[in-house]
Amino acid sequence: MTQHSDLFDRACKVIPGGVNSPVRAFRSVGGTPPFIERALGPRLWDTEGHCYIDYVGSWGPAILGHADPDVVAAVQAAAARGLSFGAPTVAEIEMAEALVERFPSMDQVRLVSSGTEATMSAIRLARGYTGRDRIIKFDGCYHGHSDSLLVKSGSGMLTFGNPSSAGVPPEFVQHTLVLGYNDLAAVEAAFAHHPEDIACIIVEPLAGNMNFVRPVPGFLEGLRSLCSSHGTVLIFDEVMTGLRVGPQGMQGLSGVRPDLTTLAKIIGGGMPVGAFGGHAAIMASIAPLGPVYQAGTLSGNPVAMAAGLATLRKLQQPGFYEALQGQTQKLVQGLEAAARRHGVPFCADSEGGMFGLFFQAERPRNLAEVSAGDAEAFKRFFHGMLGHGIYLAPSAFEASFVSACHDDEVLDTTISAAEQVFATL
Ligand code: KE4
């Protein structure tokens with residue numbers, strides 16, 4: 001057994017912050033992150049032998065639960081045939097066909113290796129297709145770490161962005177306008193100022209990177225209408241919501257069809273896969289067909305395709321999403337009831353297999369309202385639950401996830417732990 005603190009010290013010597021992605025460092029909740037040794041179904045085991053019920057699920061991909069036997073077998077079989085060829089394979093056709101079948105807004109799709117690659121490429125494609133430079137994103141939405149998206153709101157509502165990260169020259173974000181999520185009036189004003197020079201709007205159709213924030217009625221429909229009126233490409237970033245909130249993502253639930261969709265996480269089943277796709281007319285601008293360059297050594301990698309395809313096949317089991325939605329709703333309702341019994345200002349919300357927890361009375365509708373939540377209470381709750389063997393997302397600005405393996409016994413254990421922790425808050 002190796003102590004986490006020893007491992008973290010060792011990691012910090014050779015990896016910046018000891019992690020390969022910042023949120024894993026527990027900086028927003030404090031403490032030392034456990035080092036995970038293995039996982040199975042709804043559970044994780046760390047190097048100190050502790051077992052946790054997992055609600056992070058690798059930040060979304062583990063919708064079937066960890067180490068699903070069919071996914072593992074498909075990966076093993078694919079790996080035995082060679083790990084990567086850098087040449088066309090049938091598996092890539094099968095994956096593309098599977099995505100086009102599930103997302104009617106997609107005529108064609110290009111596979112990449114991460115959500116960041118997917119959104120970065122989709123924005124370049126929208127700019128190349130329209131010949132325009134300006135883009136709109138929303139405060140609190142995260143679309144990966146490409147330069148033109150690492151941007152915070154400009155000084156005024158209609159001024160273009162300033163970098164939100166060192167290393168991003170102001171020129172790289174000068175064409176990015178950051179508006180308030182759910183603020184359709186601000187989008188209308190932006191188009192009034194720039195009627196014909198906005199290449200795209202990129203939006204999380206249900207925001208999972210400022211915890212869990214739904215689009216208010218009319219928001220997505222309004223974006224669709226404004227983009228159609230102004231020749232602007234509407235990009236739904238469904239990296240998180242795609243196949244998580246339902247079999248056709250948020251575009252299926254909302255009925256709003258984007259021009260381009262970005263995907264990742266679940267479609268790789270835990271292996272590195274991302275994708276962007278949409279109207280054939282737009283996709284025709286991507287190399288080698290058109291002038292917008294995009295490429296990737298491991299794009300469509302056969303082992304990753306095997307993991308993704310095995311996952312997608314199991315999601316098609318009759319009743320899969322009804323069961324997932326039902327278990328997730330049972331969890332959030334149980335947590336809300338436990339909080340009420342202890343007089344804790346708390347609410348929760350869920351869609352499909354993703355959920356958000358808030359230490360405030362009302363469900364937030366934008367980043368400012370999420371930020372008004374009791375962050376200290378969240379931290380105490382997070383560590384209290386961790387101590388009871390429940391592993392939640394280590395940030396008040398992240399959504400959490402349920403898998404097909406989170407059965408009633410798992411949920412009851414979670415709610416019972418929350419009952420004890422709420423009593424201490
Ligand atoms: P990746 O490059 O991390 O595969 O995907 C970026 C991305 C794009 N779009 C959306 C809607 C996303 O949620 C993400 C990544 N999500 C975060 C979790 N909130 C990944 C976790 C991490 O950064 O370690």
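Me: Which residue stands opposite Ala 348 in E14?
Reply: Two strands pair if DSSP finds at least two bridges between them. Here Ala 348 stands opposite Leu 357 in E14. Strands are DSSP runs of at least two residues, numbered from the N terminus. Five bridges join E13 (residues 347-351) to E14, and the two run antiparallel. This is a predicted model: local features need pLDDT of at least 70, side-chain atom pairs count only at pLDDT 80 or more, and totals for chains, interfaces and linings use all residues. Residues are numbered from 1 along each chain as its sequence is written, and side-chain values use heavy atoms, without hydrogens and water.

Me: What is the bridge partner of Phe 355 in E16?
Reply: Ser 400. E14 and E16 (residues 400-401) pair in the antiparallel sense over two bridges.

Me: Are the faces of E14 covered or open?
Reply: In a regular strand the side chains alternate between the two faces of the sheet. In E14 both faces are covered. Met 354, Gly 356 and Phe 358 are buried on one side, Phe 355 and Leu 357 on the other. Buried means under 20% relative accessible area (1.4 Å probe, protein chains only).

Note on methods. Buried means under 20% relative accessible area, exposed over 50%, partly exposed in between (1.4 Å probe, protein chains only). Helices (H or I, at least four residues) and strands (E, at least two) are DSSP runs, numbered from the N terminus.
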